[in-house]
Every structure is written in C-alpha cells, then in structure tokens.
Amino acid sequence: MCCLPCHKRDLALRYLSMAILSVANLRFGYGDHIVLDGTNMTLEHGEHVGMVGRNGQGKSTLMKLIAGLGNMKPDEGQIQLNRGSTVGYLHQDPILNLELTLREEAQSVFAELEKLHAQLDVISHKMAEVDGEELDKLLKHYEQVEHLMQAAGGYAVDHQIEQALHGLGMGDDTFNIKVKDLSGGQRGRLALAKLLLTKPDLLLLDEPTNHLDIEGRIWLEEYLSSYSGAVILISHDRWLLDKVVSKIYEVEIGRVFEYPGNYHKFTELRAERRLVAQRVYEKQQDKIRQEKNFIDRFKAGQRAKQARGRENRLERYIANELTDRPIELDVMSLQLPAPPRSSDQVLSVENLCKSYDNGKKNLFDTLNLIVRRGDRVGIIGPNGAGKSTLVRCMLGEQDADSGETKIGSQVLVGHFKQTHDDMQPEKTIIEYLTKRMPNESGQLARDLAGAFMFSGQDQDKKLGMLSGGERSRVALAAMLAGTHNLLVLDEPTNHLDVLSAERLEAAAQLFTAESSGWGEQAKGGGTLILISHDRWLLDTLVNQLLILDGHGGVTHFWGNYSQYIEAQNEIKKQSNLKIEESAKREQANKSKVKSKQAQKAKSQKKQNTPKAQPQPKRSGALTKISQSKLEARIMQIENEVAELDTQLADPETYKDHKRFIKLQEQHEKLTNELGPLEEEWAARG
C-alpha cells in the first residue's frame, strides 16, 4: 500500500515520466584515478543543458557513459534512460564510409526510410494485379507502411539533407566528393550533419563547433534552439551556450555542480558559490592551524595525551571533511608588465591583393587599412576565406600578389599560430615562461602559470607531456606577458575549455587596456589583431572588424560583433521596407496602366458623336509619335523603373558605390523622360 497521498503520488509519477535521463551517485575511475565521484543529474524531455569545466575533469567521460560507448560502465551508481528513447552521440573520431560521396554518406542516415520506399513500390505493383479482399489487405498494409514512412521523414528528406549540409558550410560543389578525399574539418561537419538528421530523443554533443565558422555556428544555434528533443552540450563557445541552454552543469574535481539559467547566469552564480567555498576553505585552514599549534605545543608535556587525541581527530577531519581549495578565477589582479610603447601607426596596408589558382580564387582585393596603437581588430569570414593568409601577408610572413605593407617603428609582434614549433619538449612550463618574461622573472612566470591554471607540480610539467589545450595556454601566457606590443592571435580558443577562454579574455583586456601609470605601475597600451569564430571573444575584445566574404571582398566595420549584427539587421530591415515600397509602386504603376487603358477604351466609345470637338494645336517631337509607340514606351519605362527600384532595395547594391551611383542616375533619367510622355498621353486622351 502506498504511503503517499494520492495527489503527491501523481505528482511524483508525473515528474518521473518527464525525465528522459537520470544519473544517480555515479562513480567512475581508471585504477586509482577517480574521474567522477558521486555525480547526480536529471534531464527532462526537451530540456537543453550545457556542460562546462576544465579539460580533463570528466565531461567527455560522463557523456560517453550516458551514451554507453565502448562498453563503458560506472563503478558505482546508476544511469537510467527513459524506455524507448533514442540517443545520438557526436563522435570526435566519426566512423564514415570512405568510398561513398558526401551526399551518399549523409543520405545513409535514411537507409530504413529507403527500405520503406521500396516496400511501398512493391505493394503498389501487387495492388495493380489483385482485387477483392486481397486488394483490401494490401491497401491496409500500404497505409501502415506509408504511416511509418511519414514518421521517418516522408518525401522531404532531400530538402533536410541539403539544409543540414548547407547550414554547416558544405557547398553543392562538395556533394559528389568521396568521403576519403574530404578534409578532417569537412568529415567532422558531415558527422554532425548525420547526427542531426537522425533527430534522436537525447542529443549528446561534444564540442560540435570545432570545425564551424560563424555562419555554421549561427545555423547550429538556430537549429538547437528549435530542437524538440533533449540536448547535452559540451562547448567552449560561450555565445552558443548563452543562446541555447537553460541549465549548466559544471564538472570539477570529480563532482558536478548544477546552475539554473544560461551562461551569463552561470557566471554570476559560480562567482557566488566560489566566494562561499573560499570562506569555508579559509575557516578550515584556520582551524587546522590552531589545532596544529596546540598539538606542537603540548605533545611532549603533561597534556601529551590530550594532544594525541586532538591529533587523531584532526587527521579524521582532514580525511573526511576538508574541502579542496576553490580554483582562483580572477586573473585581473595579475600584474602583467605593460607592453613597450610602439609608434602611433602600428601597421599600414595599401592596395593589398592575394589570389590562388591563377586568379580563380580571390581572397582579398585592393585592401587598405591603417592599424593604430591601441586598436583591437577582429577578422572574421567563412572557412577558406583567407583570414590567416591575410594576416601573414600583413606581417610580411607571406608574399602578396600586389600591394604594400609596413610595420611601424618599435613594433614588436607576437603571432599566435595553430602550431607551437618553438616549444622544446624537454623544457618545463616554468622554464619556457621564464625565458620569455621581462628580466627573466621566475616569480612572474609562476604567477602567470597560476593565472592560466597551472598550479603546484603542474608548473614543472615538461612541454612534451602537455595536451593541445595546455600547450595553447602556455603559449598564450608567454605572449601576453612577453615583450610584445602587437599581438596577433589566430583562433586562440580552438583548444581551450570555457575557463581557459575566460582567462585569455581577461588577460587580453589587461594587455589592450588604455595606457596608464609609469615604470612598474604601467599598464595596457597594447594593440590586438584577432582571427576568431568565437563570437563572445569578438564581442568583448575588439572595437573594429574586417569581414572577408570569401570572394575577394573585405568590409571594414567600426564596432564589436554585437554592433555589427545590429547594423546588419538594420540593413535587412531597411531592405525589406524598400522591397515593400517597390512592390507598392509596381502595383500602383500597374493600376495606372489599367486606368489609362480604361480611359482609352472609353474615349473610343465616344467616336459615335457626329463631330469631334477640335483639339488645341500642340507642337514638339512627342506630338509626332504614334499612339501605339507612345503607350509602348511608357510601359517600357515603367517596367525599367520598377526593376531599378528592386536593385536599389538590395543591400548588396550599397557595397558597390560605383554601381549604386550608376543605378541612381539611370533611375533619375528614366523618371525625367516618363513625365513628358505621360503628359502627352493625357493630352491625347
């Protein structure tokens, strides 16, 4: 017999039925290394949650356990998935059929649907050969199979496939390329497209934006925002987390902490929790110091027995109740040395051009730019648009086809690339950083390593033992505190977790802050050029953007990413208004023509009058044009004006100033010609 009142029992059953996933007291480790310890989480149907934490803390392990990959099972605890629910997991190393084309591999998701299509064809042929009861049975079977087919995607799968591939940056020109000939990034995007097309009840995404440019990330963001299934998202893309999730789980030292809300809310609540944790930790340390002082003072005297008892209690306290020191998040207190002062003009670019394949692939054409001290320039554009090539040409590391670049006097460039060839594997982190510090300051190197989350023994790790993300953190730390006054960062957050990206952002803000102070108190004054698809970073760090369109065009916009999006939306709004106005004018022109035709028909009916009234004499070239030619010319001009209105309403027109001026001149010329023609037509009426 149930001990719960009926209404509470119904509420509990309803809650359980809403949960698609529940994880209870999960524990998992490799030998003596405990990865997850007492993990709990619940996910409801349709709920979208983010998972963040430092690399190596167990995020991917937890996701693999939920997906049941590689026969992985928890050491303790339970993972319960709602019965009948499907799970889709984005593999970092996807299994693809290398001999199929990209389109065929994407379409393989619908293999069962194709079988249903074939089954319908067989039933249709049989129906043509039978009648009576057998025909009725086949009709029922046909309806059942058709219902299954509609549930699996129906006839619209081609559109779904193209929408997913296009959205993730795969053009039509790649559809017939064999999978074996695709790049690693293209294979990653294909795997993501396949997973999204399966539309599982629970979608597990581990860093899905790794190979996506901004357009791809926007598409994924919109797709996930409207996705009806549940989603667990591991990502360093803070903008994506902010837009898509309603809850965040932070994995830290084997434990999972839950925060309601998006990424913005998470940062606020996390700061509060860490402040409380820091106070608890400090009180515990005070207690330990007091106990140790008492033990050291009385362990050899008359109160030795009491001291030994308190020592035993202290050992149990340390073993069972002591909390770990919370990770320090504030990098802004770090005393980075001010970058050496450069000339006011840091970098100038004049008529810079670069193309490939004998001019067939145009990257940038006649680019002109001046970067001044303190500028923060972001460079964005689709994959393959030439962003990294542009930076190398600007710095003189690669030859352009034409144009000139000049680096200002006393400019010291720090260029962060995707590879770090200067790292000697036998050197430790501290040795590497110390050599790059002003005056080779070992203490500053240790402070900096700590700010970038290398603490204790980790600071003495050899560079050859570091992961890709750790190597990126070390390289960024060295550049931010080195003797550079121009930092060029090429996709610096690619291998960083969320916490590391926050550290980079905070340190870069210190570097580019307005110059202030003197001597050792000097701060800021650096110049930044940032290539990134990280919209959060672009929004926080830059004050101007270079936008490459992938076809040779480069737009210079003053403002950060949010301001750029706002400007683009305003252009679209104005464009839509102009299109509406153009449509109204076109409709009005059509109505005017119909009205004129009606007036002409009416005037022809008056010809039965015995004698027409004499018309006033008119002179001029227009009076010699026949009525049919006059009306034909009026209609032709009206059509041409309507076409020009449509072109002038297109935002692309405003990017080409010469074309815009030419269209305006044509519009004015035709309008001026139309006036006298309409007056002549009215006079004849």
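Helices are DSSP runs of H or I that span at least four residues and are numbered from the N terminus, and the views below follow that numbering in a predicted model.

**View 1. Two phenylalanines within helix α10.** Phe 294 and Phe 298 both belong to helix α10 (residues 263–298), where they stand four residues apart, about one turn of the helix. Both Phe 294 and Phe 298 are buried. At the Phe 298 ring, Arg 303 lies over the face, 4.6 Å from the ring centre.

**View 2. An aromatic pair between helices α9 and α18.** The structure holds nine aromatic pairs. In one of them, the ring centres of Trp 239 and Tyr 561 are 5.3 Å apart and the ring planes meet at 85 degrees, which is over 60 degrees, so the pair counts as edge-to-face. Because Trp 239 lies in helix α9 (residues 238–244) and Tyr 561 in helix α18 (residues 561–605), the pair ties together parts that are 322 residues apart in sequence. Trp 239 and Tyr 561 are both buried. For the pair of Phe 294 and Phe 298, by contrast, the centres are 4.7 Å apart and the planes stand at 50 degrees, so that pair is tilted.

**View 3. An aromatic cluster and a charge over a ring.** Tyr 259, Tyr 263, Phe 266 and Trp 536 form one aromatic cluster. Elsewhere, Arg 473 lies over the face of Phe 454, at 4.4 Å from the ring centre.

**View 4. The protein as the setting of these close-ups.** The protein has 20 helices and 18 strands, and buried residues make up 42% of its 685 residues. Of the contacts between residues at least 6 apart in sequence, 69% join residues at least 24 apart.

Conventions
Residues numbered from 1 in each chain as written. Predicted model: local features only at pLDDT ≥ 70, side-chain atom pairs only at ≥ 80, totals over all residues. Heavy atoms only, no water. Buried < 20%, exposed > 50% of the residue type's maximum accessible area, 1.4 Å probe, protein only. Contact = heavy atoms within 4.5 Å. Phe/Tyr/Trp six-rings, centres within 6.5 Å; stacked < 30°, edge-to-face > 60°. Lys NZ or Arg CZ within 6 Å of the ring centre and 35° of its normal.
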